[in-house]
Amino acid sequence: MTARSYDYDTKAMTYDALELDTEGVTKVNLFLKRIFQKNKAKKILDLTCGTGAQAIYLSNYFNVTAADLSRGMLSVAKKKVKTKKLHIRFKQGDMRHKIYGKFDGIITMFNAIGHLTKPEFEKTLRNVHRQLNNNGLFAFDIFNMDFMRKHFVNDFIDTAKTEGDKILVRINHNTLDRKNGIMHLNQHIYFQEHFRLREEKDSWDMQIYSLKEAEKMLNKNGFKLVSVRGPGAGTFKGDGSISFLLVARKVHQS
């Protein structure tokens with residue numbers, strides 16, 4: 001893993017409140033459904049399911065297995081599934097080496113691969129390759145290093161939400177190692193409810209890639225890139241897109 005990692009176990013509920021139920025998530029889910037259906041997929045593995053943003057939606061259309069390293073994140077996802085009376089097979093394990101079966105599609109979303117070093121990401125790619133059926137698809141997203149080199153901002157508010165008398169604000173104080181492609185994130189999250197204020201702090205590192213670098217790693221590990229999308233599965237605009245969503249097809253390795 002990268003030098004500093006996000007504590008998903010203790011921050012699962014915070015993560016769920018900040019990241020999910022957004023327009024971008026909805027568009028990504030629709031894109032994944034369409035591309036998997038076009039490929040006639042039946043079985044999908046969400047290798048880093050978090051609190052269930054993709055797995056729960058996709059389970060309406062496919063046979064879904066949802067896995068994550070964090071027991072805290074899985075606990076939140078399982079509660080949601082129980083409420084919705086859906087069927088998802090949940091597993092706890094590490095995306096770098098855990099084997100769950102054979103699938104037509106595998107996903108790792110929300111910059112999950114950014115928590116891995118480059119050698120660990122290649123190990124994960126090989127693990128994904130082993131679990132995909134012939135011509136299966138692998139989809140993942142990550143911040144775009146080409147964008148960061150031109151447009152990186154150290155300090156900004158990236159989330160502000162209100163619901164009744166509840167207010168949630170997340171402020172970033174980040175730095176970028178341009179040489180090694182590592183973003184050092186430092187976030188302060190403020191929650192206000194009934195005029196009571198509390199604060200959480202988190203710091204972690206994230207490995208990020210240029211499109212050229214990501215495609216090279218895919219090719220090296222048995223994949224061919226078939227789709228490049230931008231944030232929210234929109235049009236990718238090169239160094240004008242803060243992130244990209246890639247879909248790659250498993251190819252035969254001699």
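How many aromatic pairs does the count come to by the ring-centre rule? The count comes to seven aromatic pairs, where rings of Phe, Tyr and Trp (its six-membered ring) pair if their centres lie within 6.5 Å. The model is predicted: local features need pLDDT of at least 70, side-chain atom pairs count only at pLDDT 80 or more, and totals for chains, interfaces and linings use all residues. Residues are numbered from 1 along each chain as its sequence is written, and side-chain values use heavy atoms, with hydrogens and water left out.

**View A. An aromatic pair of phenylalanine 36 and phenylalanine 62.** A pair of aromatic rings is described by the distance of the centres and the angle of the planes. For phenylalanine 36 and phenylalanine 62 these are 6.1 Å centre to centre and 80 degrees between the planes, an edge-to-face arrangement (planes under 30 degrees apart count as stacked, over 60 as edge-to-face and the rest as tilted). The pair links distant parts of the chain, 26 residues apart: phenylalanine 36 belongs to helix α2 (residues 23–38), and phenylalanine 62 to the loop between α3 (53–58) and β2. Helices (H or I, at least four residues) and strands (E, at least two) are DSSP runs, numbered from the N terminus.

**View B. The open sheet of seven strands.** The strand order is β3-β2-β1-β4-β5-β12-β11, with mixed pairing; two strands pair if DSSP finds at least two bridges between them. β3 (89–92) and β11 (223–229) stand at the edges, each with a single partner strand, so one side of each is left without a neighbour in the sheet. Neighbouring strands of this sheet are turned by 20 degrees against each other on average, direction ignored. Strand β2 (residues 63–68) runs parallel to β3 and is joined to it by four bridges, and threonine 65 stands opposite arginine 89 in β3.

**View C. Helices α5 and α7 on the sheet.** Helix α5 (residues 118–131) packs on the sheet and touches β1 (43–46), β4 (103–108), β5 (132–143), β11 and β12 (243–250); contact means heavy atoms within 4.5 Å. The direction of α5 makes about 150 degrees with that of β5 (axes are lines fitted to C-alpha atoms, for helices over the stretch in contact, and angles run from 0 to 180 degrees between N-to-C directions). Helix α7 (residues 211–220) touches β5, β11 and β12, and its direction makes about 150 degrees with that of β11.

**View D. The contact of α5 with α7.** The axes of α5 and α7 come within 10 Å and cross at roughly 45 degrees. The two helices are therefore oblique to each other (angles under 35 degrees count as roughly parallel, over 145 as roughly antiparallel, 65 to 115 as roughly perpendicular and the rest as oblique). Lys118, Phe121, Glu122 and Leu125 in α5 meet Glu213, Met217, Leu218 and Lys220 in α7. These residues divide into four nonpolar, no polar and four charged (Ala, Val, Leu, Ile, Met, Phe, Trp, Tyr, Cys and Pro count as nonpolar, Asp, Glu, Lys and Arg as charged, and the others, Gly among them, as polar).

**View E. Hairpins of β6 with β7 and of β9 with β10.** Strand β6 (residues 155–163) pairs with β7 in the antiparallel sense over eight bridges. Strand β9 (residues 182–193) and strand β10 (residues 196–207) pair in the antiparallel sense over twelve bridges. Histidine 188 stands opposite lysine 201 in β10. In the hairpin of β9 and β10, histidine 194 takes a positive phi near 55 degrees.
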